[in-house]
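User: I would like to learn how to read helix packing and strand pairing from a model. Please take me through it.

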Amino acid sequence: RTVYVNGDYLPENEAKVSIFDRGFLMADGVYEVVSVLGGKLVDFDGHMVRLDRSLAELGMATPDARGDLLEIHRELVRLNDIGDGLIYMQVTRGNPGDRDFHYPPEGTEPTLVLFTQSKPGMIDSPMAKRGARIVTVPDMRWGRRDIKTVQLLYPSMAKMMAQAAGVDDAWMIEDGFVTEGTSNNAYIIKDGRIITRALSNDILHGITRAAVLRFAREAQMEVEERSFTLDEALAADEAFITSASAFVTPVVEVDGASIGSGAPGPVAARLREIYIDESLKVAV
Ligand code: PMP
């Protein structure tokens, strides 16, 4: 692969970042993942708006290359010949030259890294067809989940718990309510209404979530942005998740119990189709 590091396009084994980088020592960094379909970037502007917000919330400098990010994404798609896949982008607070809890002085250049992941057949993923099986785990993350930081140890632990349970993923529970999935937003459908937790510091403000809710409202579906409990999920007609990489993926089982018929439901299927069709129309 050819990757991007601080202005250079390099073979991945020649790309280097300092061991003192704040991203490495302190998880002091933020990231975005943009999906690529047919060589085009899906919802690129939405991801860049959220990047700016993450940087602002952490008082982190904007990389000099901010204005070139579209070009850098496109160049990586071209250099790596990506049809369908993902582009991962990370910005950290950079290299202060030593380990120190305090932020480095102003003017320390942030570290900007991007790389591609090729995923042929991403649209026809087997999991989208059969539906995901999930377990629930306590949400033990910090209190600013709205900032997309690279501090992903707990989500990784939760995915390992899901794997140990023999299922695909996990939803996280706090005070009896579902917050979100380990790397996706969580939804249930009851009596035709789409129910998903409202935006706050408790969850990531998914770019796919925003698009899917917009398309759902445009299609005259009813949307309720409110918290829901595990019991409500178990009694739901359908459930699904959204993320840039999973698009809309049905959830057919929670903690060993079937949701609805136990097969992917019609509303989730329709939303997936609308989301992919509409996103392709405006992909850049
Ligand atoms: N919640 C969490 C915790 C996530 O990690 C992600 C994906 N990074 C999402 C939701 C979905 O966000 P998006 O639709 O912007 O990919």
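User: Which elements do the buried residues of α3 pack against?

Analyst: This is a predicted model. The buried residues of α3 pack against β1 (2–5), β3 (29–37), β4 (40–41), α2 (44–57), β5 (85–92) and β6 (111–118).

User: Which residues of helix α3 are buried, and why are they on the same side of α3?

Analyst: An α-helix has 3.6 residues a turn, so residues three or four places apart point the same way. In helix α3 (residues 69–79), Leu69, His73 and Leu76 are the buried residues. They lie on the same side of α3 because they cover an arc of only 65° around the axis. Glu71 and Arg78, on the other side of α3, are exposed. Just after α3, Asp81 has a positive phi of about 55°.

User: How many strands form the open sheet, and in what order?

Analyst: Strands of a sheet pair through backbone hydrogen bonds, either parallel or antiparallel. Here 6 strands make an open sheet with antiparallel pairing, ordered β2-β1-β6-β5-β3-β4. Its edge strands, β2 (8–11) and β4, each pair on one side only. Helix α2 packs on the sheet and touches β3, β4 and β5; the direction of α2 makes about 180° with that of β3. Within the sheet, 2 bridges join β1 and β6 in the antiparallel sense, and Tyr4 has Leu114 in β6 as its bridge partner.

User: Do β11 and β12 run parallel or antiparallel?

Analyst: Strand β11 (residues 193–196) and strand β12 (residues 222–225) run parallel, joined by 4 bridges. Ile194 has Val223 in β12 as its bridge partner. With helix α6 (residues 207–218), β11 and β12 make a right-handed β-α-β unit.

Methods:
Residues are numbered from 1 along each chain as its sequence is written. This is a predicted model: local features need pLDDT of at least 70, side-chain atom pairs count only at pLDDT 80 or more; totals for chains, interfaces and linings use all residues. Two strands pair if DSSP finds at least two bridges between them. A crossover is right-handed if, with the strands pointing away from the viewer, the path from the first strand over the helix to the second runs clockwise. A residue is buried if 20 or more other C-beta atoms lie within 10 Å of its own, exposed if 12 or fewer, and partly exposed in between; C-beta atoms are placed from the backbone. The arc is that of the directions from the helix axis to the C-beta atoms. Two residues are in contact if their C-beta atoms, placed from the backbone, lie within 7 Å. Axes are lines fitted to C-alpha atoms, for helices over the stretch in contact, and angles run from 0 to 180 degrees between N-to-C directions.
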